[in-house]
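Please read the points below with the model open.

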Amino acid sequence: MTSTSSPPLPRVDLSRVVDLAAALEADAQLDPETLRRRDRTLGRALGERVEGATARVEAWLDARRTGAGPSSGERALRAQRVLRTLLVLAGLLLGSSTALTVFAYDGVHPVNVVQVLAVFVALQLALVAATVVLSLPESWRRRVPGLAALQDVLRLASPGRWLPALRGLLPPAQRDAFDRAGALARRHQRLYGNAQKWSLLVASQLFGVSFHGAALVTAAGLVVFSDLAFGWSTTLHLDAQGLARWAQRLALPWSHALPDAIPSLDLIRQTQYFRGAGGFSGDAPRSAAWWRFLLLCMACYGLAPRLALLTFASWRQRAALRRVFTTLPGVADLRDRLESRWVATAASGAEAGGPSRPGAPRPRRVARPARVRAVRWSGVPIADGAVAELVADALGAELAGVVDGGAGSGRADADLVAELAAAGDPPVVLVKSWEPPLYEFLDLLGELREALGEGTPLLVVPLANPGEDRWEPAGGAHARTWARRLDAAADPWLEVVTAPETVGAETEG
Amino acid sequence: MTGIPTFAVVGHPNKGKSSIVSTLAQDDSVRIAPEPGTTTECRAYPMRIDDEVQYVLIDTPGFQRARRALEWMRGHETHAGAHRAVVESFVAEHRGTNRFPDECALLAPILDGAGILYVADGSLPYGPEFEAEMEILRWTGQPSLALINPISGTDHVEEWRAALQQYFKIVRVFDAHSASFEARLELLRGFGQLNEAWREPLEAAVAALAEERDRVHARTARTLAGLLCDVLVHVSTRRLAPDADPALYQTSLEQTWKDELRERERRARRDVERIYGHRSIERVEGGIELLEQDLFSTDHWFFWGLDRRQLIASGAAGGAVLGGAIDAGVGGASLLLGSLVGAALGGAGAWWTSTRLARMRVLQLPMGGRLLRCGPASSANFPYVVLGRALYHHARVAGRAHADRSELVLGDDPDRANWIERMDPGRRRELDRIFRDIRAGEERTADLAECLLPVVAEGDAPGAARTSGSRPAPR
């Protein structure tokens, strides 16, 4: 058999996880046998062209998909994308406006290099450090004192946390899908915790990348399309040599490739200014030499770490989602159903006729005859003497005679019926209570009634044998079974004689 | 005849034919009732592996007019070699009439090639009225086996064995209401003795059933792992007004917590029963008894979604940022003292004001309050109590025949505590580690399922389940 290569399967993302969780939750309501049969059929079809457990689960999910519209997971993913786009737009806006503010030059006060470095390098490095703290594995929360609280606080300040606040801007269908995804994550917090963390970090880094991208582009635009003068001024104890040392350290990443992008000590000295001493007095065109250094700082310490973190967080998010995808409650059972042989032993479909709940037998008492003729039916092992005793005790009647029946041929039964009809004494048929009444016996009763005619009492006594030679009318379940079954004969002169309190007692649960 | 081993389960009404089918087919939807004639038509129970039928069991109505049917056959008998032809003529003549509907229904699959499984009740005396039906079956010439099903005792098993041996080459005793899984497999293997050609497919079927049983254990282990993971971290909470006395709400919250645990347990019980093919067990089980003293804790909640710990951490962080600004202002001369002092003051301030904040109201809306929390159960013994109950239930379900329709009463059985005591110390240590991790919020469901798998399999071993504690089904 030649196996055909399957088309590449989509990567596991939020939509796949949400759709899988929804499909598994829906399946939980179905009969396990139905599920096993359905999934095994699919599993066998997939077995030839899809390799790998996760790929099979993904293919199963694709096969389960119904309807042409977007699935719940796709809507949740779209919602997430819309929210992230809004976050990116906010980052672009904030980055651009921050750059316009920091790089503002009114012709009097130059752009303060210290301010640029503080906003786009120092602060960003602090935020990157915070992101690294947030990225630490969950297991460290228990081992490092205070880490859990610190992570909680940093998470509160993370831009990714703003996403739920923006959900009100979504269309209703996407908002519902987003809320359902959130509810799913809350229900399985243990499972989704890691994926949520990385999702939050991806959103935060998207904001960071857009912020820094916009700031860099805006700053570059200002450099190209306007004249900027740069100077540096600080109250802190920092002289030109100190700043030069810091600048050289900061420029290390590009010092070999772009040596001109490192501010010289002369430039640093010439561009220091004090507002109290008359403001900026340096050479504005010469001070513009700072721009390459500053833009490279923004790119290297602002944008690049964010891009790296975004890449890392995206990779971890995919891994976390894949882990959720493969460990969701029900996935192991699903894989079992897909991969294991379906073994079934039960009948398919319900038994015909539906369950019948037997009713209580109708109490019935016919006039007791003074003399009866007993029939030992189907080999009931009661002696003649015991029959006479039983008839006297249970029926208050005299025994006219005892005959046997129900053990021979159909001809013998017919002879018995004729004999009883000719004898004239009403018959009392003694049966084994522990054996159920058969149609064969009902046939006999019908034939007897026909031979005896209407009005002649016909008694049936299901016997119980509590001791060696003791016989008495049975009670309990056996007697009720006989009484119920003979009710079906609809013979008003037929009575099933049982122990007192048997007929009419309703014991069904 | 298709070559697929097929077995017609036949006999007198109410002798446990359907019970045997129910247990062998592991199907508790088979109707079993004390009323004769509950089975009104033949019903097939094919054993399939990936849709390929390995063998078929057929439940049949009981003989109702065996004597008269045999009388008809004897009337048409020519010689012993034509017995089967006479039975075929009987069915052909009476099929579709009201004269012998049950006999025609039960003989049809036999005449199509099914083996005969004749069922007798070993708890009731043998009688000559059974001989007509056994004689008819003998006339069919099909391979046959007799099963003595001691429905309510074994008083007459030997009497039956002696009688049945005159009609059937193989006679076995099989209690459909308490047969273990191994006993069921053994009986299926025994069916192979009826026909050499059936031996191989039946062996394949038995191997597949045994393999499936291993997967059933794995499914059960996953179900129990899911239960334990959920109950170990289960918490019920109630938000209270800032001045409310938590003690007043403890009893009701504890009840809610217990009810939720109970419901989760019930779901797991139902899932385990469904895994074993029991879809309609009536279960009687008490709730979890806990002697835990420290189930409750209180905290504050705040309008903006923080708890007290987060509020204090936020205060400390804010203070540290402000202090850091001062440190920066003095060029680091303060040796980060500003950050440290700021964090301490911020944290302390947040702690001190948290209670006041919780009592504040803005536009008549409370800004916070007290949060009463019940659970999770912290006792080291708690997961073992839950596990012990679950393993006990599993053993009872795994050992329960599908014909058994009695209530499943899970009472205070002394064996139950032994489930944990009997556990291998190494496994116990591994469970301790996993339970600790789960309590710390780690995802260890798969590891827990793997650790529980041998324990579950052990619970399904012969003799693991006690049969006491069943209450007869109401009739």
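**Notes on the predicted model**

1. The largest nonpolar core has 65 residues, and Leu20(A), Phe103(A), Trp290(A) and Phe293(A) touch the most other members. A nonpolar core here is a set of buried Ala, Val, Leu, Ile, Met, Phe, Trp, Tyr and Cys residues joined through side-chain atoms within 4.5 Å. Helix H14 (residues 290–327) of chain A supplies the largest share of this core, 14 residues. Helices (H or I, at least four residues) and strands (E, at least two) are DSSP runs, numbered from the N terminus. A second, separate core holds 45 residues, including Val216(B), Ala221(B), Ala225(B) and Phe435(B).

2. On provenance: this is a predicted model, in which local features need pLDDT of at least 70 and side-chain atom pairs count only at pLDDT 80 or more, while totals for chains, interfaces and linings use all residues. Residues are numbered from 1 along each chain as its sequence is written, chains are lettered from A and ligands numbered from 1 in the order in which they are written, and side-chain values use heavy atoms, with hydrogens and water left out.

3. Which residues does Phe103(A) touch, not counting residues up to four places away in sequence? They are Val111(A), Val116(A), Phe120(A), Ala219(A), Leu222(A), Leu228(A), Phe230(A), Leu294(A) and Met298(A). Contact means heavy atoms within 4.5 Å.

4. Chain A as a whole has 19 helices and 9 strands. Of its 509 residues, 47% count as buried. The accessibility classes are buried (under 20% relative accessible area), exposed (over 50%) and partly exposed (in between), with a 1.4 Å probe and protein chains only. Among contacts in chain A between residues at least 6 apart in sequence, 79% join residues at least 24 apart.

5. The count of salt bridges over all chains is 62, a salt bridge being a side-chain nitrogen of Lys or Arg within 4 Å of a carboxyl oxygen of Asp or Glu. One of them pairs Asp336(A) with Arg222(B), with the closest N and O atoms 3.6 Å apart. Asp336(A) lies in helix H15 (residues 331–339) of chain A and Arg222(B) in helix H8 (residues 196–232) of chain B, so this pair joins two chains. Asp336(A) is buried at 11% relative accessible area, whereas Arg222(B) is partly exposed at 22%.

6. Asp336(A) and Arg222(B) also belong to a network of salt bridges that links them with Arg36(A), Asp333(A), Arg341(A), Glu211(B), Glu212(B), Arg215(B) and Arg219(B).

7. Another salt bridge joins the side chains of Glu203(B) and Arg189(B) (3.8 Å, N to O). Glu203(B) is in helix H8 of chain B and Arg189(B) in helix H7 (residues 181–191) of chain B, so the pair ties together parts that are 14 residues apart in sequence. Glu203(B) is partly exposed, at 37% relative accessible area; Arg189(B) is also partly exposed, at 34%.

8. How many cavities of 30 Å³ or more are there? The count is 2. A cavity is a set of points, on a 1 Å grid over the protein atoms alone, where a 1.4 Å probe fits but cannot get out; lining residues have an atom within 4 Å of a point. Grid points are joined across faces, edges and corners, and a volume is the space filled by probe spheres set on the points. The largest cavity has a volume of about 230 Å³.

9. The lining of the largest cavity has 20 residues, of which Trp377(A), Ser378(A), Leu438(A), His12(B) and Glu129(B) lie nearest its centre. Strand E6 (427–432) and helix H18 (439–452) of chain A, together with helix H2 (66–75) of chain B, are the elements that give two or more residues to this lining.

10. Ser378(A) has a phi near 60°, a positive value in a residue other than glycine. Ser378(A) sits in the loop between strand E4 (371–377) and helix H16 (384–395) of chain A, and is buried at 11% relative accessibility. Gln26(B) has a phi near 50°, also positive in a residue other than glycine. Its loop runs between helix H1 (17–24) and strand E2 (43–49) of chain B, and Gln26(B) counts as buried at 19%.

Key. 1 Å grid on protein atoms, 1.4 Å probe; cavity = no way out; pocket = protein on both sides within 12 Å on 5 of 7 lines; lining within 4 Å.
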